[in-house]
Amino acid sequence: MGDKDLPLLSNIKDIRARHYLLHLKTSVVSQIIEGIVFIFLEPATLCEKNGNCCVRECFCSDKRKVVSEAALNLHGKEIFDDSNSNTTFARTSSGLNEADKASTTKSFYEGSNNTERNQYEKSTLADSGSSGILCGQSNLEKACALTSQSACGVENVQEGQNILGQAEKIDSEDLLVNHILHEVATQSEAQNDFKVVLDCCDIKVKSVSEVICDKTEVSQYLHPAFIRKCSFALNIWSGKEQVPLQYTVEPWSINIWKRNVQKVADFPRVICIKYETSPQGQSLLWRNDQDGNPCVFTPAATINNRSLLPCQDPPSAMATWQAWFTVPKGYYLSMTGDERPVKFIGCIEDYKDCWLMNHSDFKNCDTQEPCQGSTISRQDMAKEIIPSVCFYYHTTMVLPIATIAIAIGKWAVDILPVVKPENKSCGSSVNNKKAKETHPCKHYEYPCHIQSKYWASETALSVVYPPSSSEAIKSVASFLPFALQASCDLLGRYPCPRLEVVLVPKCFASLGLASPNLIFLSPSMVLDDPAAYIRLAHEISHAWFGINIGAQDWTEEWISEGFATYMEDSIYALATLIEDSVYKTKQHSIPETTSKDNPIEIWQDQGVNGNVPSETLKKDGFCDGSDVSCDAVKDKVVTCSSVTLLSSLEHKAMKMKYLEELSDLRAHIRYRTLTSELENSSVDLQKLRPMQGEALVDDSGIGYVKDGRNPEKTFLQVHYLKGYFLLKYMSRIIGRKTFDSMIKDYVTFYHGQLVLSEQIIDFFISAYPEAAEKGMTRSGLYEEWLNHPGLNPYITEKYGNISNQLVSAVKSHFNYWVHVDKSSRQKPRVKKMKINLEKFSFPDQIVLLLEYILELKSFSCKALLQIYEHYDIVAQNADVRHRWCELVILNNFPDLHDVRRFLTEDQAMGVYLYGELVISGKKKHRKLAEEVYGEIKEDMDENARVTVSLMLFGE
């Protein structure tokens, strides 16, 4: 394991954290968060030990179920284990009847002490060392354990050998039997105290203790039948008796044990850790926002949330959580959570006596919850000056702890109109029933969006921003409902209950970041521009690709980024059409082909492209889902002398043509970006499936993620783009309409699960048997796309050069500017020529034009200045201005103001320019790079700072 790899130390094959109660207090002055976390634990199931997520019902493949059934046949009866407050069961071949289930569930809630355990259970499980909760295939370990006991006799040994013989017939890729036998052998010999290992980094641990409780109290946090949302639960658990535990803190972990407890089954079910974060912890970025006020947010650090809280960090260690976050008065906390926050004036401790009688019964503690978004205050606080506010969030979706995101600042919040899904998007009970029958849930049990009766029929929307950005955020806020509706039309019901978009500071190293119910956007992406809307579409689609369906292997990033990049153009295109239908008029207008006016600008002027504030939407009826009448919007229409009036269908067809051509143009730009990155990146970072299904373990037995902390990886788009082109290839073979329909089936089938590349390939190959006849095979996809570095020849063939009207217009502009450049060199004293060019339809055309010019050996500064003025470069999006800055550096343009501005204001995209300034060899360029870096290095994201420092000063 190298210094660029990320260690995975949590012993999740022994024990799992099912739920977290977080109590966090923020000091923006000291930049420290004081934390208390209650962690609810139970032994891992045998399915979890082998990489699956089965807890109380087995969802394993048929091959794995063969092993389970074989083990069940060894005894032919149910085996129960309710040791240490955990009761689960494995079904016999005949299954349990309803009465059995009811009685088992009843015994779970009633609980029993250790002396009441079944004697048969003692004889079969006491020596296992790590008796996981039973489910499906867990009985195989019991079978193996029994065969090793002399008391079982020759017959049982023979039966065990027969079982193992059956297991060997199973496909070798499962490696199930050998793995389980190894665990039984090693764990049964262990005599040391059992240790819980949690991942953490840069955290000061103050104490670790066991929380004394009975089974009834802890049951709701371990059994998925309960919805864990009680907003007063923290006060109840804080009042419990606690007994100190032993622990050691290491650079990457905390190890916790209880003296003389050698088995996971005997380890405490609830532990409490008191700690505080460090200002230098990479999981939190303490900076000033656009208004100069202190703020903090989680920047998607390479170490995930390890310096925010001690946790089980591997992606398969999924859990739910509740959080009480106290911030100074005047600050707002945005956080991953199912509902808008409940705000307690003061601290949650101030409400220890409130509603305690109603919440003392743990089975019914969610019966009188305050409404989401409400503010609670004690009557005796009315005349006091309270310096703090406590925000309460919770989540019912079972997710990796790495998906927790927070942002705290002195920010404004706008509540937008809700989006109501159409019936075709799984919005009706009929469709819910159909979905349940067609795609039964195979994830950890929770009230998911596919089947749950608790799921709301609408998605709540909001935006959070510094007050000075109120105008800038309007374009994004107005387009957001349309983008979300388009996503649901294409992919099904939105898998998160709400969506909040947060405008974070310019030091944010990404253009966007999606977390459950939350999206962070860079200031570079908050503008009225198709590029910004497409980025928003990309982040919205991550709710399906990356959140609801995650990668089991973190190195296979294309599973989320490739799909999101593939979907972003379709979502944007459909969103603009939905926008048109909402702000429809009796006659639609588009520009004539000879017009100098930008068609997008005309559509925007008509109110089509989302520049209508939320209050207007409410007034016009969008809030309640109704269409806006023609009369309601006709006063917003701006007429233009250079337009042709067309019917609604003609308008839609023409716009769809423009959008299809835009998608092709963007594919060509992506191809150019990918080829450039492949030329300048290491081979190890170019594979979509770098581990080829193998987990990495170093010589000491520690698992790790290869290149998990490699700062270079942060700024590469290889996985985005190669994954995108792989899906484009599959779409071409299968057919666009069929393939997009299959994607919708894919997100339904695998919802709530972690997947690997092979599962995705198998899904699409199996769903389209004709693929082999067209040359698309499993082996071909593995060797030519997933396991192969570099550029697939198909990408060059299809996207290396494209031809459509938008690209033709770019080439015409390019030829014109080449002529201008030549004239300016031959006749340098000639006055500027009058430019007679049509305006481009999309900013992406300007991007492509500047890329064409970048391929020239040199370009005159005089011609560059004319380009700058003609296209109003200073007002364009960051993609355009980035290419302009490259041209300035390459051609030694005298004015470096735009480069300085870009490095300062667009930090998410500025890292590459530092390298260009150094490579140029010009003293003034290097001086500029060092000056800007010196000015902003304390404000930069850590990965960006390290990367730029290496560029400027080396190791």
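**Group meeting: a walk through the predicted model**

Okay, let's start with a pair of helices. Helix α20, residues 718-734, and helix α23, residues 778-786, have axes that come within 11 Å and cross at roughly 145 degrees. I'm quoting both numbers because two packed helices are described by the angle between their axes and the distance between the axes. As for handedness, α20 passes α23 in a right-handed crossing. Before I go on, please keep in mind that this is a predicted model.

So which residues in α20 and α23 meet? From α20 you have Lys 722, Phe 725, Leu 726 and Tyr 729, and on the α23 side there are Leu 781, Trp 785 and Leu 786. Sort the residues of that contact by type and you get 6 nonpolar, no polar and 1 charged.

Let me zoom out for a moment. The chain has 955 residues, and 59% of them are buried. There are 32 helices and 30 strands. If you take the contacts with a separation of 6 or more, 80% of them are between residues 24 or more positions apart. The chain exposes about 39,300 Å², with carbon and sulfur atoms supplying 50% of that.

Now some strands, and I'd like to do β20, β21 and β22 together. β21 is residues 459-465, and β22 is residues 498-503; these two pair in the parallel sense over 5 bridges. β20, residues 412-419, also pairs with β21, in the antiparallel sense over 6 bridges. If you want something to click on, pick Val 463 in β21. Val 463 stands opposite Val 501 in β22, and Asp 414 stands opposite Val 463 too. Another one to look up is Ala 460, whose bridge partner in β22 is Arg 498.

How many residues of β21 are buried? The count is 7 of 7. On one side you have Thr 459, Leu 461, Val 463 and Tyr 465, and on the other Ala 460, Ser 462 and Val 464. β22 is mostly covered as well, with 6 of its 6 residues buried. Arg 498, Glu 500 and Val 502 point one way from β22, while Leu 499, Val 501 and Leu 503 point the other way.

Next, a sheet elsewhere in the chain. It's an open sheet of 3 strands, in the order β6-β10-β9, with antiparallel pairing. The edges are β6, residues 195-199, and β9, residues 246-250, and each of those pairs on one side only. On average, neighbouring strands here are turned by 15 degrees against each other, direction ignored. Between β6 and β10, residues 253-257, there are 5 bridges. Lys 195 stands opposite Trp 257 in β10.

Back to helices, towards the other end of the numbering. In α27, residues 861-870, the buried residues are Ala 863, Leu 864, Gln 866, Ile 867 and Tyr 868. What covers them? The cover includes α25 (805-826), α26 (843-854), α28 (878-890) and α29 (897-905).

Let's stay with α25, which is where Val 807 is found. Is Val 807 buried or exposed? Its relative accessibility is 1%, so it counts as buried. Leaving aside neighbours within four places in sequence, Val 807 is in contact with Leu 665, Ile 802, Leu 848 and Tyr 852. Also, the C-alpha atoms of Val 807 and His 668 are separated by 9.6 Å, and those two residues are 139 residues apart along the chain.

Last topic: backbone angles. Most residues other than glycine have a negative phi. Just after α27, Asp 872 has a positive phi of about 50 degrees. Asp 202 has a phi near 55 degrees, and Asp 202 is found in the loop between β6 and β7 (203-211). Then there's Asn 304, with a positive phi of about 60 degrees, found in the loop between β13 (294-297) and β14 (318-328).

How do Asp 202 and Asn 304 sit in terms of cover? Asp 202 has a relative accessible area of 37%, so Asp 202 is partly exposed. For Asn 304 the relative accessible area is 17%, and the cut-off for buried is under 20%, so Asn 304 is buried.

That's my tour, thanks!

Note on methods
Residues numbered from 1 in each chain as written. Predicted model: local features only at pLDDT ≥ 70, side-chain atom pairs only at ≥ 80, totals over all residues. Heavy atoms only, no water. Helix = DSSP H or I, 4+ residues; strand = E, 2+ residues; numbered from the N terminus. Buried < 20%, exposed > 50% of the residue type's maximum accessible area, 1.4 Å probe, protein only. Contact = heavy atoms within 4.5 Å. Areas by Shrake-Rupley, 256 points an atom, 1.4 Å probe, with all protein chains shown as cover. Pairing = 2+ DSSP bridges. Axes fitted to C-alpha atoms, helices over the stretch in contact; angles between N-to-C directions. Left-handed = near helix turned anticlockwise from the far one by under 90°. Nonpolar A, V, L, I, M, F, W, Y, C, P; charged D, E, K, R; others polar.
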